[in-house]
Structures are given as C-alpha cells and as structure tokens.
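Q: Please take a close look at one part of this model and describe how it packs.
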Amino acid sequence: MNAAAMGLAAGVALGFAGYFGGFWAFLLVLVLGTAGLVVGLAVQGDMDLRMRRQR
C-alpha cells in the first residue's frame, strides 16, 4: 500500500472516530495510530529507534 492510500485510510479512520465517538475517541485513534506507525516503521527497518535515544 502506498503512502497516499495509507494517508487516506488514516484520515477516514480519524473522521469516523471523530464523528461517531467525539473528540476523545479522535485523540485515542490518533495516538494509537501514531504508535502503530512508529512500531511498524521500526519493524520494517525504516526507523532506527536506537539512534533516536542517543540524541
């Protein structure tokens, strides 16, 4: 899946959470989505978390 499709999927998920669940559901989906992105990038090898800690 390319970056545009992932962005579209994230936007739709945040829109549904905001519409049906309110502001706190929107924030929860945003935080968990960001955490999932970081973990996914680390597992894939595109982000080195050890370099982030040394700064």
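In which hand, left or right, does α1 pass α2?

A: This is a predicted model, in which local features need pLDDT of at least 70 and side-chain atom pairs count only at pLDDT 80 or more, while totals for chains, interfaces and linings use all residues. Residues are numbered from 1 along each chain as its sequence is written, and side-chain values use heavy atoms, with hydrogens and water left out.

The crossing of α1 with α2 is right-handed (the near helix is turned clockwise from the far one by less than a right angle). Helices are DSSP runs of H or I with at least four residues, numbered from the N terminus. The axes of α1 and α2 (residues 23-44) come within 6 Å and cross at roughly 155°; axes are lines fitted to C-alpha atoms over the stretch in contact, with angles from 0 to 180 degrees between N-to-C directions. The pair is therefore roughly antiparallel (over 145 degrees).

A13, L14, A17, G18 and G21 of α1 meet F23, A25, F26, V29 and L30 of α2, contact meaning heavy atoms within 4.5 Å. By class, this contact has 8 nonpolar, 2 polar and no charged residues (Ala, Val, Leu, Ile, Met, Phe, Trp, Tyr, Cys and Pro are nonpolar, Asp, Glu, Lys and Arg charged, the others, including Gly, polar).

A17 lies in α1, residues 3-21. A17 counts as buried because its relative accessibility is 12% (buried is under 20% relative accessible area, with a 1.4 Å probe and protein chains only). Leaving aside residues up to four places away in sequence, A17 touches G22, A25, F26 and V29. G22 follows α1 and has a positive phi, near 90°.

How values were computed: Helices (H or I, at least four residues) and strands (E, at least two) are DSSP runs, numbered from the N terminus. Buried means under 20% relative accessible area, exposed over 50%, partly exposed in between (1.4 Å probe, protein chains only). Angles under 35 degrees count as roughly parallel, over 145 as roughly antiparallel, 65 to 115 as roughly perpendicular and the rest as oblique.
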